[in-house]
Amino acid sequence: MTHRARELQAAAEAIHPAALEEAKAAIATSCREYLRWADMFSLRLQSLPDEKLHHFARALALTLLGHLPTRPATCPFCIQYGKDRSCSGCGYAATHGRCDEDDSAFSLFIEAFQELGRAVYQDTGKMGCPAEEVRKQLYSCIDASIKLVRKTEQALESASTRDLMMLKAHHIRAMINLIPVQLLSEEVAVRLQTVKEALDNYW
C-alpha cells in the first residue's frame, strides 16, 4: 500500500458509522428522487413536439446534475467535521485540502461542476440531427441513467466510507457521461471534460 493509500485509508477509518449512514441516506434519497423525475421525463418525451426537444435535453441534463451527490449532506466528512467543528480534524481536508480553499480538490471539482451546469442552462445550440434520432438518444440517456442510479443505490448498503467516496466519484463520472452532449453546444462538451479531469483527484 502506498503512502497516499494509507493516508486515505486512515481518513476513511476515522469516520463514525453514524456519519457514514447519514451520508448514505442522503444519497439514497437523491437517487429515489431522480428515478421519479426520470420516469416523468420518459413519459413526457412520448408526446413532446419536435420543436421542444432541445429544451427537453437541457432540462434532462440539469435534472441529472441536480441529483448528483455533490452537497455536504452526501459527504460523511462534512457531516462529521462540518458545522460547529469547522473542519477541524477532517481527514479529507488533510489529504485533499480544505473544501473552502480555492485550490483544494473539492473546490476545483465544484467550480467545474457549476460551470458545466451554467453551460447547459445557457445553451442555445441547435440539434444537428433528425428529431427521431434525437428522441432515440434521449430515451437511451434516460434508460441508462435509471439503470446506473439503481445500481448505485444498491451498492450503498454495504459500502464502507472508502467505498462510498469512490462510489460517489464513479457515479458522478458515469452520470455526466450520459448527458446528451451531441444535442448541446461544444461548450457543454468542453465543460464536461473539465469536470471529469477534476474528478481524478476527488478521492
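**View 1. R173, at 26% relative accessibility, counts as partly exposed.** Cut-offs for relative accessible area are under 20% for buried and over 50% for exposed, with partly exposed in between (1.4 Å probe, protein chains only). The model is predicted: local features need pLDDT of at least 70 and side-chain atom pairs pLDDT 80 or more, while totals for chains, interfaces and linings use all residues. Residues are numbered from 1 along each chain as its sequence is written, and side-chain values use heavy atoms, without hydrogens or water. R173 forms a salt bridge with D200, with 2.9 Å between the closest N and O atoms. (Salt bridge: a side-chain nitrogen of Lys or Arg within 4 Å of a carboxyl oxygen of Asp or Glu.) R173 sits in helix α8 and D200 in the segment after α9, so the pair ties together parts 27 residues apart in sequence. (Helices are DSSP runs of H or I, at least four residues, numbered from the N terminus.) D200 counts as exposed, at 58% relative accessibility.

**View 2. R118 and E187 meet in a salt bridge.** The N to O distance is 2.6 Å. R118 belongs to helix α6 and E187 to helix α9, so this pair ties together parts 69 residues apart in sequence. R118 is partly exposed, at 27% relative accessibility. E187 is partly exposed too, at 34%.

**View 3. D50 and R135 pair across distant parts of the chain.** The whole structure holds eleven salt bridges. In the one between D50 and R135, the closest N and O atoms are 2.8 Å apart. D50 lies in the loop between α2 and α3, while R135 is in helix α7, 85 residues apart. D50 counts as partly exposed, at 43% relative accessibility. R135 counts as buried, at 12%.

**View 4. Helix α3 is mostly covered.** The helix spans residues 53–66 and has 14 residues. From its first C-alpha to its last, α3 reaches 20 Å. Ten of its 14 residues are buried. They are L53, H54, F56, A57, R58, L60, A61, T63, L64 and L65. Their cover includes α2, α6 (105–121), α7 (131–156) and α8 (161–176).

**View 5. R58 is buried yet has no salt bridge.** This arginine sits in helix α3. The nearest side chain of opposite charge is D123, 5.3 Å away. (Lys and Arg count as positive, Asp and Glu as negative; His and chain ends are not counted.) R58 touches V120, Y121, D123 and L184, leaving out residues up to four places away in sequence. (Contact: heavy atoms within 4.5 Å.)

**View 6. F77 and W203 form a tilted aromatic pair.** There are eight aromatic pairs. (Rings of Phe, Tyr and Trp, taking its six-membered ring, pair if their centres lie within 6.5 Å; planes under 30 degrees apart are stacked, over 60 edge-to-face, the rest tilted.) The ring centres of F77 and W203 are 5.8 Å apart and the planes lie at 35 degrees, so the pair is tilted. F77 is in helix α4 (residues 76–81) and W203 in the segment after α9 (186–199), so the pair ties together parts 126 residues apart in sequence. F77 is buried, with a relative accessible area of 1%. W203 is buried, with 13%.

**View 7. F109 and F113 form another tilted pair.** Their ring centres are 5.6 Å apart, with planes at 35 degrees. F109 and F113 are four residues apart in helix α6, about one helical turn. Both are buried. Together with F106 and Y202, F109 and F113 form one aromatic cluster.

**View 8. The largest nonpolar core has 67 residues.** (Core: buried Ala, Val, Leu, Ile, Met, Phe, Trp, Tyr and Cys residues joined through side-chain atoms within 4.5 Å.) F77, F109 and I176 touch the most other members. Helix α2 (residues 17–46) gives the most to this core, with eleven residues. I176 touches L64, L65, L68, L116, L192, V195, K196 and L199, not counting residues up to four places away in sequence.

**View 9. T152 is buried in the model.** Its relative accessible area is 4%. T152 lies in helix α7. Beyond neighbours within four places in sequence, T152 is in contact with L167 and H171.

Notes. Helix = DSSP H or I, 4+ residues; strand = E, 2+ residues; numbered from the N terminus. Expected span 1.5 Å × (residues − 1).
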